[in-house]
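Q: I'd like to learn how to read a fold like this one, feature by feature. Can we walk through it together?

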Amino acid sequence: MKITDIFKRQEKTFSFEFFPPKDEISAVDFGINVGRLMKLDPSFVTVTYGAGGSNQDRTFALVDYLQNKIGMPTAAHYTCVNASREKIAADMQELESIGIENLMLLRGDPPKGQTEFVVAENGFKYASELIEFVKEYFSFCRAGAFYVEKHVEAESAEADLQHLKKKVDAGAELLVSQLFFDNKKYFEFVDKARKIGINSRFIPGIIPITAYKQIERFTKMSGSSIPPELALALEEHQDDAKKSYQVGLDYTIKQCRELLENGAPGIHFYTLNKSRAAVDIFESLDTKKYFAEKEVI
Ligand SMILES: Cc1cc2nc3c(=O)[nH]c(=O)nc-3n(C[C@H](O)[C@H](O)[C@H](O)COP(=O)(O)OP(=O)(O)OC[C@H]3O[C@@H](n4cnc5c(N)ncnc54)[C@H](O)[C@@H]3O)c2cc1C
């Protein structure tokens with residue numbers, strides 16, 4: 001099922017992001033976690049694509065498994081890195097042949113060892129070009145990324161927003177954010193986007209920080225800032241893993257509630273292939289209330 005069709009029957013959605021497990025042991029662990037997460041009944045799931053297409057086979061195998069064996073609407077992430085138009089077309093045909101209907105289309109980060117994004121021969125420079133190409137030749141539902149606190153390479157927040165408009169005009173049907181922790185920034189961003197005519201679903205991408213030492217990693221990874229009260233609380237309990245976990249979890253539950261109660265169209269949860277935090281958070285949220293199916297008359 002296309003994610004856009006899910007929106008027709010579910011006003012707000014919740015979804016999980018996974019990455020392909022690295023080896024057999026991680027795959028066993030992953031299977032256990034997916035089993036737990038599926039009990040929460042998410043609206044859809046997505047599977048990341050390694051920089052440079054390094055784990056392309058594993059991404060395709062995993063989307064096939066989740067979509068066709070588990071029966072979960074699944075989006076395959078796909079990037080422009082090292083991808084010519086011919087390769088993209090062949091990959092799209094392969095995804096189509098295994099019944100994938102949803103894609104998260106991205107530019108991609110430079111692969112390890114490279115500092116700048118390099119356009120592949122006969123490839124694309126921006127996600128918007130990839131989205132336009134996929135829209136022209138294929139019938140997938142197309143998602144794109146957005147950045148509440150601007151993409152790291154963008155010259156300004158305004159320029160980034162204008163580029164996002166191009167992405168939507170090119171055919172992005174829904175947008176999922178990079179992780180962020182400050183809801184005020186999300187609401188301000190959505191207001192600005194609406195003012196320049198971007199009328200998309202801006203789905204917040206959420207992750208809990210459950211240890212003080214994760215702060216640096218997460219801020220570096222996303223370019224997002226950490227509200228001082230959260231940083232302070234995590235610092236205070238940095239020697240107590242149980243308390244830190246609870247601080248991070250409580251913050252995320254509050255963050256999700258505030259987003260959902262003030263108009264966010266859902267939550268996309270970065271699971272990091274784990275299940276404990278997601279289960280604790282979504283069991284605490286009233287999922288039946290927030291993510292109820294619309295009544296069909
Ligand atoms: C939800 C989500 C999922 C992700 N999944 C993956 C994944 O699976 N694999 C992976 O490798 N990476 C993934 N990423 C990371 C992503 O690839 C990087 O953040 C990448 O640096 C930017 O990708 P993008 O699609 O947002 O690029 P773009 O939208 O192309 O933007 C990249 C930069 O170019 C600028 N720009 C865009 N259009 C123009 C234009 N016309 N003129 C001038 N400048 C322009 C933008 O302002 C921005 O600074 C994901 C990110 C998010 C938020």
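Q: Which residue is the bridge partner of G144 in β6?

A: First, some ground rules. This is a predicted model, where local features need pLDDT of at least 70, side-chain atom pairs count only at pLDDT 80 or more, and totals for chains, interfaces and linings use all residues. Residues are numbered from 1 along each chain as its sequence is written. Now the general idea: strands of a sheet pair through backbone hydrogen bonds, either parallel or antiparallel. Here, the partner of G144 in β6 is L175. Strands and helices are DSSP runs numbered from the N terminus (E, at least two residues, for strands; H or I, at least four, for helices). Strand β5 (residues 141–146) pairs with β6 in the parallel sense over 4 bridges, and two strands count as paired if DSSP finds at least two bridges between them.

Q: How many strands does the closed barrel have, and in what order do they run?

A: There are 8 strands in the closed barrel, running β1-β2-β3-β4-β5-β6-β7-β8 with parallel pairing. From one strand to the next the twist averages 30°. That angle is taken between axes, which are lines fitted to C-alpha atoms (for helices, over the stretch in contact), on a scale from 0 to 180 degrees between N-to-C directions.

Q: Is β4 enclosed or open to the outside?

A: Start with the cut-offs: a residue is buried if 20 or more other C-beta atoms lie within 10 Å of its own, exposed if 12 or fewer, and partly exposed in between, with C-beta atoms placed from the backbone. For β4, 5 of the 5 residues are buried, so the strand is largely enclosed by the rest of the structure. N102, M104 and L106 point one way from β4, while L103 and L105 point the other way. On the β3 side, 5 bridges join β3 to β4 in parallel, and H77 stands opposite M104. β6 is mostly covered too, with 5 of its 6 residues buried.

Q: Which residues touch the most other members of the largest nonpolar core?

A: In soluble globular proteins, nonpolar side chains tend to be buried together. A nonpolar core is a set of buried Ala, Val, Leu, Ile, Met, Phe, Trp, Tyr and Cys residues joined through C-beta atoms within 7 Å. The largest one here has 72 residues, and A76, L103, L105, L130, A143 and L175 touch the most other members. Helix α5 (residues 127–137) gives the most to this core, with 5 residues. As for L175, its contacts beyond four places in sequence include A143, G144, F146 and I203; a contact means C-beta atoms, placed from the backbone, within 7 Å.

Q: What surrounds the ligand?

A: The shell around the ligand has 24 residues, and the closest are T48, H77, R107, A127 and A145. To be in that shell, a residue needs its C-beta atom, placed from the backbone, within 6 Å of the molecule. The elements giving two or more residues are β3 (74–79), β4 (102–106), α5, α6 (157–170) and β6 (174–179). α6 gives the most, with 4 residues. By type, the shell divides into 9 nonpolar, 9 polar and 6 charged. Ala, Val, Leu, Ile, Met, Phe, Trp, Tyr, Cys and Pro count as nonpolar, Asp, Glu, Lys and Arg as charged, and the others, Gly among them, as polar.

Q: Where does T48 lie, and which residues does T48 touch?

A: T48 lies in the loop between β2 (44–47) and α3 (56–69). Leaving out residues up to four places away in sequence, T48 touches E17, F19, T59 and H77. T48 is partly exposed because 19 other C-beta atoms lie within 10 Å.

Q: Which residues other than glycine have a positive phi?

A: N122 is one of them, with phi near 55°. N122 lies in the loop between β4 and α5, and counts as exposed because it has 11 other C-beta atoms within 10 Å. L272 is another, with a phi of about 50°. L272 sits in the loop between β8 (266–270) and α11 (276–284), and is partly exposed because 13 other C-beta atoms lie within 10 Å.

Terms used: Contact = placed C-beta atoms within 7 Å.
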